[in-house]
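Here is a friendly tour of a protein structure for you to follow on screen. Keep the sequence and the 3D view side by side as you read.

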Number of protein chains: 2
Amino acid sequence: MELGIPQSFSRVLSSMCTEPHPAAREAAERFIATNPGDPGTYETVADLESTVVDRLGDITGLADPAGYVASGGTEANIQALRLARNRADTPDPNVVVPASGHFSFTKAADVLGVELRVAPLDGYTVSLEAVTELIDEDTVAVVGVAGSTEYGRVDPIPALADLVADAPGDPLLHVDAAWGGFVLPFTDHAWGFADAAVDTLTIDPHKMGQAVVPAGGLLAREESLLAELAVDTPYLESTSQITLTGTRSGAGVASAAAALDALWPEGYREQYETSQANAEWLAAELRSRGADVVSPTLPLVAADIGTETIDAVREAGWRLSRTEQGEARFVMQPHVTRETLRAFLADLDNLR
Amino acid sequence: MELGIPQSFSRVLSSMCTEPHPAAREAAERFIATNPGDPGTYETVADLESTVVDRLGDITGLADPAGYVASGGTEANIQALRLARNRADTPDPNVVVPASGHFSFTKAADVLGVELRVAPLDGYTVSLEAVTELIDEDTVAVVGVAGSTEYGRVDPIPALADLVADAPGDPLLHVDAAWGGFVLPFTDHAWGFADAAVDTLTIDPHKMGQAVVPAGGLLAREESLLAELAVDTPYLESTSQITLTGTRSGAGVASAAAALDALWPEGYREQYETSQANAEWLAAELRSRGADVVSPTLPLVAADIGTETIDAVREAGWRLSRTEQGEARFVMQPHVTRETLRAFLADLDNLR
């Protein structure tokens, strides 16, 4: 059997994932047959998971973080809403999520049986007025997005924290920094545990963190919040489990530990600066060709280059996705270099 | 930073996972940076996933299977109950699960907000009378276990199918063969789609299938059942997603494809025969030492060797878990050889 050739990253402009850091790849290969879901059996990787959580705490501004390495941002977002629902005492729970929220919140609402209240945007970030109107006594969580999937924008997290503090039902504030978490520390944005009364936060090492999939992250300010997720595990040597999945990948955990060790903070800072410069350069190049471009606050560019042009560059082998509004969406992951972008623009110019 | 040494499998008697097949490991390493959750971007691995699902259909007796490669048995079980709940039309759904069911069903019930009705056992398999009594018009799914986690026993799946056919609320029949699915085809048990009106089934390549974690499997008789799980994916090149997680591991998918190619059917048959012979040999050896042993129907031995003895062999470095009843539990995964078992018994004899 021929397995075929895995996708090369050379023409991938659409992915939130990237070529793993060499140390992350090497660690993943070493730990590929371990299972942090069974910590009594696989002790070494369970210890590595604690290390990863501590480092994610450093990145997000939390001294003594609770959390775990999830399968990805979707699991972390589902779990954050699940613990908020379980902690609350309402038969009719709802969550308020910005219209810019990732589709995993729609999935979470279906899975958990909670009502999804979608708050419209004011520009590219959530409207605080809309959030205020949507919150009621059955609101168990309010979500803020720190690095939106489509435009890389950051909701006003401190202002959302103020609304949550005044809310009647004592909801939690959850921040989705799945993609943004590894670039935001090098910006002026207020987004993490140190900036506001954030309760839970999603940050994925397998996106800008350069770890291998699956390595997502769920963090909580208080250990007691995660206790809402605990299920007994009768036959394991450990006694309870808070994760959504059972058996888990030691490769993801070990590679996250290796990537964080190699790159935090200076490597990530350099990558952010390179990616952000590339985003601004690409935005200027596209503008000079007459495209409407959404200014890249973080290393993600959305530009209206026309549906036919998107189809044509895809035909030429480029992986490019589009926003709901139809703009082309360029994610400046570490594998997207200036050279890649020059090659893309050359193809674009030839095709138009 | 020292990552430490991953757990060697040489003294692991407690795990449902195992040393991956060499072809599975090699495939995982090649596809470690791909994401089948984004099939528009990562086409090759998406194609491999279809191959895996087709092969899992061969193993479970389903000609044209619907399904996908999940993060593991927990996700597959959650998703099976989720689609059953979504398909049904009751505000107060319940599921009937044998007392021998994996703890993921407890987790699923919490996550999904469905009532868990636990059917007591008759010996080591579910009591059909109890199931009959627990089913009502709000029952959305009945679960049968094909290879229980603690004792490796198989519920009477055809009889459960008959109960489901007569049930008032049109529930689904879900079979959990997460661990058993790769050994049951070589036994006389009736357990799969060809044996009874099974609607959905969990079968994990990363357990007895010798693929790397994460490679679980959810199969459904009808594609329409999986449609209950679909969520729109606005920014991806694909348009909807049925998985519980979002970004997924291409390593798991590719390694499952490679393991199935290398081992189905003859390699798995040989492994089953070796593992089953080891189980029976170990059972006899433990009986000859005076232990009460639960006869191993599948390659899993439970034996009452005393709590102090369990603690002592753990102290000596053996990874051994226990059942809720306190018996030691020996899972005859491929890495557990006769030589391993002889070494274990030698330690046991020295320690007692």
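In this predicted model, A:R55 is partly exposed, with a relative accessible area of 24%. Its side chain meets that of A:D261 in a salt bridge, with 3.5 Å from N to O. A:D261 is partly exposed too, at a relative accessible area of 30%. A:D261 belongs to helix 8 of chain A and A:R55 to helix 2 of chain A, so this pair ties together parts that are 206 residues apart in sequence.

**Salt bridges**

- Side chains of opposite charge can pair when their charged atoms come close.
- Over all chains, the structure holds 28 salt bridges.
- One of them brings together the side chains of B:R117 and B:D136, at 2.9 Å from N to O.
- B:R117 sits in strand 3 (residues 115-119) of chain B, while B:D136 sits in the loop between helix 5 (128-134) and strand 6 (139-145) of chain B, so the pair links parts that are 19 residues apart in sequence.
- Is B:R117 buried or exposed? With a relative accessibility of 18%, B:R117 counts as buried, because the cut-off for buried is under 20%.
- In chain A, A:E115, A:R117 and A:D136 are joined into one network by salt bridges that share partners.

**Where the two chains meet**

- How many residues does each chain bring to the contact? Chain A gives 77 residues and chain B gives 77 residues.
- The size of an interface is often given as the accessible area lost when the parts come together.
- For chain A and chain B, the buried area is about 6,400 Å², and carbon and sulfur atoms give 60% of it.
- A:L3, A:F103 and A:Y235 supply 13% of the area that chain A buries against chain B, more than any other three residues.
- Between chain A and chain B there are 26 residue pairs in polar contact, counting pairs with both residues at pLDDT 80 or more.
- Several elements of chain A give two or more residues to the side that touches chain B, among them helix 1 (22-30), helix 2 (43-60), helix 3 (73-87) and helix 4 (104-112).
- That side of chain A divides into 31 nonpolar, 27 polar and 19 charged residues.

**Salt bridges between the chains**

- The count between chain A and chain B is 4 salt bridges.
- One of these joins the side chains of A:E43 and B:R319, with 3.1 Å from N to O.
- In another salt bridge, the side chains of B:D110 and A:R82 meet at 2.9 Å, N to O.
- This pair crosses from B:D110 in helix 4 (residues 104-112) of chain B to A:R82 in helix 3 of chain A.
- B:D110 is partly exposed, with a relative accessible area of 27%, whereas A:R82 is buried, at 0%.

**Helix 4 of chain B**

- Why can this helix be called largely enclosed by the rest of the structure? The reason is that 7 of the 9 residues of helix 4 of chain B are buried.
- The buried residues of helix 4 of chain B are B:S104, B:F105, B:K107, B:A108, B:A109, B:V111 and B:L112.
- After helix 4 of chain B comes B:G113, which has a positive phi, near 70 degrees.

- An unreviewed UniProt entry places the feature "modified residue: N6-(pyridoxal phosphate)lysine" at A:K207.
- Where is A:K207 found? Look in the loop between strand 8 (200-202) and strand 9 (216-220) of chain A.
- A:K207 counts as buried, at 9% relative accessibility.
- Leaving out residues up to four places away in sequence, A:K207 touches A:M16, A:T18, A:G73, A:A178, A:W179 and A:Q333.
- The side chains of A:K207 and A:D204 are joined by a polar contact of 2.5 Å.

**A buried asparagine in a loop**

- A:N35 lies in the loop between helix 1 and helix 2 of chain A.
- With 5% relative accessibility, A:N35 counts as buried.
- A polar atom of the A:N35 side chain lies 2.7 Å from the backbone nitrogen of A:G37.
- Apart from its neighbours within four places in sequence, A:N35 is in contact with A:Y42, A:V45, A:G246, A:T247, A:R248 and B:C17.

Key:
Residues numbered from 1 in each chain as written. Chains lettered and ligands numbered in written order. Heavy atoms only, no water. Contact = heavy atoms within 4.5 Å. Buried area = accessible area lost by both parts, 1.4 Å probe. Polar contact = N/O pair within 3.5 Å; in protein donor to acceptor, adjacent residues only side chain to side chain. Helix = DSSP H or I, 4+ residues; strand = E, 2+ residues; numbered from the N terminus. Nonpolar A, V, L, I, M, F, W, Y, C, P; charged D, E, K, R; others polar. UniProt positions renumbered as here; feature names shortened; annotations may be inferred. Buried < 20%, exposed > 50% of the residue type's maximum accessible area, 1.4 Å probe, protein only.
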